[in-house]
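My entries follow in the order in which I checked them.

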Amino acid sequence: MANRKQALIVWGGWLGHQPKEVADIFREVLEEEGFGVEVSDTLEAFADAEKLKSLDLIVPVWTMGDIRGELVNNVSAAVQSGVGIAGCHGGMCDSFRSNVDWQFMTGGQWVAHPGNDGVEYVVHIKHSSGGLLAGIEDFMVKTEQYYLHVDPANEVLATTRFPLVQGPHSPNGPVDMPVVWTKRWGAGRVFYNALGHQANIIELEPVKLMMRRGFLWAAEGKTAAAAGQAKTAYSGMADSQY
């Protein structure tokens, strides 16, 4: 299938998040959807800027690492050109704590998980946010509950309520924290799901389905951008003729 979409999964960093196991699940999902998938365990996979721009989707599964600014710039340029980026939990929004350019692109950064692993909470689906999570109902999970600093430009697709575990944040009262969001970065599409502390959470039916749909949506950035350009060009031509 010469025209099938191409994805790059890059895993590594803190092994407590089981990045290899999560990457294996993501590879299986993408291959089921007909993607050609390359998997790498080194950040040097981001070194070839032109190769990144030839992809349809980048899936980072890397937590608490350090990265050269050049590599972040390469990923950012690829996403701006229309390549999608999609990921979960610490593998995308706690990847590089010292790199604000990465955080700006991905739409958020982990700051806490009060109660640590084993907190039981509800993920609330926002059905008004379009069809990406259509058919998925609110569900319970028992895992880390991520508190994030988030981009106000994100389109939030699911939330969870804080606080459940008491802490210094509790006097602020209840807040709805984003769990799933999308955003745009140039012509590219960004999808993030804060669930996925370890592989068993990714394997939960609603979580895996959200990731599958997020991958497919993010990978359509180039197609959507091309369609928009064609429409603009056509409109301009029509204006000049009439």
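I looked up tryptophan 181 and found 0% relative accessibility, so tryptophan 181 counts as buried (under 20% relative accessible area, with exposed over 50% and partly exposed in between, using a 1.4 Å probe and protein chains only). Tyrosine 192 likewise counts as buried, at 0% relative accessibility. This is a predicted model, in which local features need pLDDT of at least 70 and side-chain atom pairs count only at pLDDT 80 or more, while totals for chains, interfaces and linings use all residues. Residues are numbered from 1 along each chain as its sequence is written, and side-chain values use heavy atoms, with hydrogens and water left out.

I then checked the two rings against each other: the centres of tryptophan 181 and tyrosine 192 lie 4.7 Å apart with planes at 40 degrees, so the pair is tilted (rings of Phe, Tyr and Trp, the last by its six-membered ring, pair with centres within 6.5 Å; planes under 30 degrees apart are stacked, over 60 edge-to-face, the rest tilted). Tryptophan 181 belongs to strand S10 and tyrosine 192 to strand S11, 11 residues apart (strands are DSSP runs of E, at least two residues, numbered from the N terminus).

Next I followed the strands, and noted that S10 (residues 175-185) runs antiparallel to S11 with 6 bridges (two strands pair if DSSP finds at least two bridges between them). Lysine 183 has valine 190 as its bridge partner in S11. On the S4 side, 4 bridges join residues 84-88 to S11 in parallel, and isoleucine 85 stands opposite valine 190.
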